Structures are given as structure tokens and as C-alpha cells.
Amino acid sequence: LRGDRGEVSRKAKAIQKTMAAINHLRSQTWHCPILKSDDDRRMVYGVVLEPGTVDLQGDVLALDTIESAAHKYLIQHRTVGDSHSQLAGAEVVESYLAPADLELGGQIISQGSWVMGVHVTDDHLWLAVKAGEYTGFSIGGTGERKEITVD
């Protein structure tokens, strides 16, 4: 365009950058290690999200965000997947926000962390968990990235 001095091009690049960031966020997963297992009951426990902890994408989630995610999951999903591709032979039987700092499987869990207990019903899946093929929970999610400036 005549006389735009590159403004259209700059705006188009900004839109492309924003769309790329949105698409990147839509495909994010978070990996959360299994901290404890109970062989007799086929239970595994782990932290799903922890407040104030930097995740694999370099983000830090606040307690209210974690609480919202935990509640939304229980209301809308309550399913356990296998590598984000199919349902797993497992069921969520415990899900809570840690009311205080606590110890789980030899690790200190921060107050406000989302902790989940999963009962594994499938024999092959349980053998894979015991063999170390599954080492934690991985949640997929979407979010809106907001830059925070510190004065």
C-alpha cells in the first residue's frame, strides 16, 4: 500500500506471532511425576499442578488458577487418558488441593497443590506403571498467556 510506511506488514507479523502463540498454548502438556504407589490397591498418587512452581513452558500458576482447573476437571471430565490418545483403564478416586504443606512419597508438597489419586484397573497398564513406563500424570490444557510487568 502506498504511504503505509510498513505499518500493514508490522501488523500482519504481529497477528501471525499472536496466532502462533495461541496454537502453541493449545498443544501444551504438563508432566507431573508419580510420587507414591500402593501395589495392593493399584493406586498411584501425584501432584497435578503446584502453585508458584515454574512448569515446562516457563509459566507459573497461581492458586486460584489451579483451583479453577481442578474443579473444572472434576465437573467436566473425570477421565484418565493414556498418552493423550485414548482412555486408560484407570479412574480418579481422589482429587484435592493440599490444605497445608504435606509429605507424599518422600517429597514435600506445597499448600494449594492439586493432588490426584488414580486407581489403575487395567492389568497391562498396571504392569507398565510398575515397570516405569508411566512415570507421572500429564495434563493437556489451553490458556491465555498474559505478560506481567513488575514496577
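Which backbone oxygen does the side chain of Ser113 reach? In this predicted model, in which local features need pLDDT of at least 70, side-chain atom pairs count only at pLDDT 80 or more, and totals for chains, interfaces and linings use all residues, the side chain of Ser113 reaches the backbone oxygen of Ser110 at 2.8 Å. Residues are numbered from 1 along each chain as its sequence is written, and side-chain values rest on heavy atoms, with hydrogens and water left out.

The chain contains three helices and nine strands, which follow one another from the N terminus in the order α-β-β-α-β-β-β-β-β-β-α-β; helices (H or I, at least four residues) and strands (E, at least two) are DSSP runs, numbered from the N terminus. Of the 151 residues of the chain, 25% count as buried, where buried means under 20% relative accessible area, exposed over 50% and partly exposed in between (1.4 Å probe, protein chains only).

Ser113 is located in the loop between β7 (107-109) and β8 (114-120), and this residue is buried, with a relative accessible area of 0%. When its neighbours within four places in sequence are left aside, Ser113 is in contact (heavy atoms within 4.5 Å) with several residues, among them Val47, Leu49, Pro51 and Tyr96.

Helix α3 spans residues 123-130, and within this helix Leu125, Trp126, Ala128 and Val129 are buried. Seen down the axis of α3, the buried residues fall within an arc of 160°, so they line one face of the helix; the arc is that of the directions from the helix axis to the C-beta atoms. His124 and Leu127, which are exposed, are carried by the face of α3 turned away from its buried side. The N-terminal end of α3 is capped by Asp122, of which a side-chain oxygen lies 3.1 Å from the backbone nitrogen of His124, while just after the helix Gly132 takes a positive phi of about 85°.

Side chains of opposite charge can pair when their charged atoms come close. The structure holds one salt bridge, a term that denotes a side-chain nitrogen of Lys or Arg within 4 Å of a carboxyl oxygen of Asp or Glu. Asp123 forms a salt bridge with Arg42, and the closest N and O atoms are 2.7 Å apart. Because Asp123 lies in helix α3 and Arg42 in the loop between β1 (28-38) and β2 (43-49), the pair ties together parts that are 81 residues apart in sequence. Arg42 is partly exposed, with a relative accessible area of 22%.

Methods:
Polar contact = N/O pair within 3.5 Å; in protein donor to acceptor, adjacent residues only side chain to side chain.
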